[in-house]
Amino acid sequence: MTVSFADRANAIRALAMDAVEAANSGHPGMPMGMADVATVLFERFLKFDPADPHWADRDRFVLSAGHGSMLLYALLYLSGYARPTLDDIRNFRQVGSPCAGHPENFELAGVECTTGPLGQGVAMAVGMAIAERHLNAAFGDALVDHRTWVIAGDGCLMEGINHEAIGLAGHLKLGRLIVLWDDNNITIDGPTHLSTSEDIPARYAATGWHVVECDGHDEASIASALEAARADDRPSLVRCRTVIGKGAPTKAGTSGSHGSPLGAEEIACAREALGWPYPAFEIPDRVREAWLATGQRAAEPHAGWKERLATHSDRAEFARRMAGDLPADFSLDDYVAGLLAEPKKVATRKASEMALEAINAGVPETIGGSADLTGSNNTKTKALQPLTAEDYSGRYLYYGIREFGMAAAMNGMALHGGVIPYGGTFLVFSDYARPAIRLSALQHARVAYVMTHDSIGLGEDGPTHQPIEHLMSLRLIPNLDVYRPCDTVETAECWALALERKDGPSLLALSRQNLPQLRTEAAENRCARGAYRLRSAETGRQVVLIASGSEVETAVQARDMLEAQGIGADVVSMPCWERFDAQPQSYRDDVLPPGVLRVSIEAGTTMGWERYTGSEGLRFGLDRFGASGPALRLFEHFGLTAAAIVPQILERLKA
């Protein structure tokens, strides 16, 4: 029996209404308004296989308007993914259900990325489209030939990151990227005319996008627009004119259907208006079977792809990259041995570049970049060529002054798989990128952030550019490894750890000023412990000096002054709090033994260091903004020198 298009789309509407009502929380309007568009997309255009949700050559589908999560959960259930089950959907927004309030990529296969913070889904999709074109250049159409589709709302297109993302996509001519705009003229506050009057299609066209529109409730109109988008070699915006909450008799077309349950009476009337006489959470067999057939549509092309992969000359390399495994023969051991043989006094940003020379030569899947600070971040190595619209095989992206867009695009690249992205800016500008850094951590995205000019040590640019609170605020983000290495060896070790990590992001905070190489003896990767004893007390231990980055040198100088006076002092280098906190208590107690004076030294806020110094310890840093002047002069001015610190330690010991 033929199932009508209306019934197939209304199955989405019904599940959305029922789940939000059962949870007494959620957003029914968007799923109801975009049900027709989503049905056409999944039935006719999207290349996906619920039997293998991680198929490398599947199309990527991003629900940037993540508040409408029930649209995605309904689509996954109806088309035959193992989860969510109907019980999962019944428990929408409840503890333990994979159907979270906003889609979480770690909860359900078929959710490509975590969305909800508006605009970031579009920007991550740009990264996915970049990864697809780059891998296509490496492995050809036989293995990599797919598109990235996005459903975005008015809010996604208003957010500032949208401007950054679409500018980059247009510049790179990412014709495999198609954004479906849910143009329903409604936000939470009411009609969009309350807050905006811009010409959005003109904005997209101005950045090099193809723009087409459709009636978002007419099957033929939708299909025609998607065909036109698929045929164009530019990224496409499809303007889908829709009615939010379509089918709800009194709340359709109003903000009342946006972010609240419709209510039992409205749902009953909606069922009648839609011609959907079935009880809550009931999908008739004939409708479910029609949707399951949609989910099986790509079985044949998927089988053909597997056959091509099986005989492809680069099969092993492709599988390795998509699995996220580093090359079996890759190691930085020889590079570190060279540093130990010939120590270097360089800024850690330069030390990072030196390490990247070895990394990029040995790990072909790295893609570097910078937000218009390449020469300052030292992120481009000699062998890397630009990734451009004319040559997607390049491995370096000039992101322009788009810190937020860069970070979100790197999330998309990492989540797509097959590449390991890293990108740079100044540490103080992590504020611009912070929402995407947070999503890196939440999504377990393998991204490396290269943040240089990490303290007042950057000098004359002054307090607008000198980070104070930034390191500590970044350390507060769960699942983000923040590294602040003190020399060339630690920088290499931190890079090795960042590369090896598959389950989350890493951030390297690096100096502008030159620093001596303090590590001169061979050892295992000591930064892997997060903190370690760099110098041991020669006489009875009375003080433990704890520092990171450029201030480790200051701690060593202070230690030598104390030892000269018969006061035993350890120096503990602490490049990564997160890794140290994960060590066994016995190791932490050995590195930071009780019963001695603990002193922290870091050119940033002192807040937080009491975790390691205790309330009785000393904490040297900056709890105010910096100043403009030469770096050495600034450290003297703010009392961050051994000469200024040692007398205060002696005074505390006497007390």
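A disulfide is a pair of cysteine sulfur atoms within 2.5 Å, and the views below come from a predicted model.

**View 1. Cysteines without a disulfide partner.**
A search of the whole structure finds zero disulfides. Cys156 is in no disulfide, for the nearest cysteine sulfur, which belongs to Cys113, is 11 Å away. With a relative accessibility of 0%, Cys156 counts as buried. Cys494 is likewise in no disulfide, although here the nearest cysteine sulfur, that of Cys527, is 3.9 Å away.

**View 2**
Five strands form an open sheet with parallel pairing, and their order is S1-S2-S3-S7-S6. Strand S1 (60-63) and strand S6 (210-215) are the edge strands, each of which pairs on one side only. On average, and with direction ignored, neighbouring strands of this sheet are turned by 20° against each other. Six bridges hold the parallel pairing of S6 with strand S7 (residues 236-241), and within this pair Glu213 stands opposite Arg239 in S7. Helix H2 (residues 29-45) packs on the sheet, where it touches S1, strand S2 (148-153), strand S3 (177-183) and S7, and its direction makes about 150° with that of S3. Helix H9 (residues 219-231) lies across S2, S3, S6 and S7, and runs at about 170° to S6.

**View 2. The mixed sheet that carries strands S16 and S20 at its edges.**
This open sheet also has five strands, but its pairing is mixed and its order is S16-S18-S17-S19-S20. The edge positions belong to strand S16 (532-535) and strand S20 (618-620), each pairing on one side only. Neighbouring strands of the sheet are turned by 30° against each other on average, direction ignored. S16 and strand S18 (residues 568-573) run antiparallel and are joined by three bridges, with Arg535 standing opposite Val571 in S18.

**View 3. Helices H14 and H20 in contact.**
Two packed helices are described by the angle between their axes and by the distance between the axes. For helix H14 (residues 333-341) and helix H20 (residues 488-500), the axes come within 10 Å and cross at roughly 170°. An angle over 145 degrees counts as roughly antiparallel, and therefore H14 is roughly antiparallel to H20. On the H14 side the contact involves Tyr335, Val336, Leu339 and Leu340, which meet Thr488, Val489 and Ala492 in H20. Sorted by class, the contact of H14 with H20 has six nonpolar residues, one polar residue and no charged residues.

A cis peptide bond joins Arg83 and Pro84, with omega at about 15°, and Pro84 has its place in the loop between helix H3 (69-79) and helix H4 (86-90). His444 is a residue other than glycine with a positive phi, near 60°, and lies in the loop between helix H18 (430-443) and strand S12 (448-452). His453, also not a glycine, has a positive phi of about 60° and is found in the loop between S12 and helix H19 (470-475). Are these two histidines buried or exposed, or do they fall in between? His444 is partly exposed, with a relative accessible area of 38%, whereas His453 is buried, with a relative accessible area of 5%.

Key:
Residues are numbered from 1 along each chain as its sequence is written. This is a predicted model: local features need pLDDT of at least 70, side-chain atom pairs count only at pLDDT 80 or more; totals for chains, interfaces and linings use all residues. Side-chain values use heavy atoms; hydrogens and water are left out. Two strands pair if DSSP finds at least two bridges between them. Helices (H or I, at least four residues) and strands (E, at least two) are DSSP runs, numbered from the N terminus. Axes are lines fitted to C-alpha atoms, for helices over the stretch in contact, and angles run from 0 to 180 degrees between N-to-C directions. Buried means under 20% relative accessible area, exposed over 50%, partly exposed in between (1.4 Å probe, protein chains only). Angles under 35 degrees count as roughly parallel, over 145 as roughly antiparallel, 65 to 115 as roughly perpendicular and the rest as oblique. Contact means heavy atoms within 4.5 Å. Ala, Val, Leu, Ile, Met, Phe, Trp, Tyr, Cys and Pro count as nonpolar, Asp, Glu, Lys and Arg as charged, and the others, Gly among them, as polar.
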